[in-house]
Amino acid sequence: MAWAPSARAASAAARAAFNKYAKSIEPAGSAMIKRELAKIIRDENDEFGFLDDNEFGPFVKEAWAAAQPDDEAQVKFATFAPWYDGFVAHLD
């Protein structure tokens, strides 16, 4: 399942999701690790049921690459927001 990140500005929903899930890197809300991104996907999948169990791992791997982690394997909000907005649009 592929989706194109949204070209629109970062949404308030993207900021809220980032702040809710990005807790491992200090200060909290400064960056996100792969496990936290996977948690977003898992929570949305639990609600909307768009992935089977065997699709989850590949979907997370693709999402992680799309969110553009840096050399320290962290995703900053600037690259998370377009990914998240595209992800939400994909769910709709």
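A contact means that heavy atoms lie within 4.5 Å. With that in hand, let's work through some exercises.

This is a predicted model, in which local features need pLDDT of at least 70, side-chain atom pairs count only at pLDDT 80 or more, and totals for chains, interfaces and linings use all residues. Residues are numbered from 1 along each chain as its sequence is written, and side-chain values use heavy atoms, with hydrogens and water left out.

**Exercise 1. Find the surroundings of Val75.**

Step 1: Look in the loop between H3 and H4, where Val75 lies. Helices here are DSSP runs of H or I with at least four residues, numbered from the N terminus.

Step 2: Leave out residues up to four places away in sequence; Val75 then touches Phe18, Ala31, Met32, Trp64, Ala67, Gln68, Pro69 and Phe80.

Step 3: Decide on burial. Buried means under 20% relative accessible area, exposed over 50%, and partly exposed in between, using a 1.4 Å probe and protein chains only. Val75 has 0% relative accessibility, so it counts as buried.

Step 4: Compare sequence with space. Val75 and Ala22 are 53 residues apart in sequence, while their C-alpha atoms are 9.3 Å apart.

**Exercise 2. Check the span of H4 and find its buried residues.**

Step 1: The expected span of a helix is 1.5 Å times one less than its number of residues. The 15 residues of H4 should therefore span 21 Å, and the 20 Å between its end C-alpha atoms agrees.

Step 2: The buried residues of H4 are Phe77, Phe80, Ala81, Trp83, Tyr84, Asp85, Gly86 and Phe87. Their cover includes H1, H2 and H3.

Step 3: Turn to H3, where Phe56, Phe59, Val60, Ala63 and Trp64 are buried. These residues pack against helix H2 (34–48) and helix H4 (77–91).

**Exercise 3. Describe the largest nonpolar core.**

Step 1: A nonpolar core is a set of buried Ala, Val, Leu, Ile, Met, Phe, Trp, Tyr and Cys residues joined through side-chain atoms within 4.5 Å.

Step 2: The largest one has 25 residues, and Met32, Leu37, Ile41, Phe80, Trp83, Tyr84 and Phe87 have the most contacts inside it.

Step 3: Helix H1 (12–21), H2, H3 and H4 each give two or more residues to this core. H4 gives the most, with six residues.
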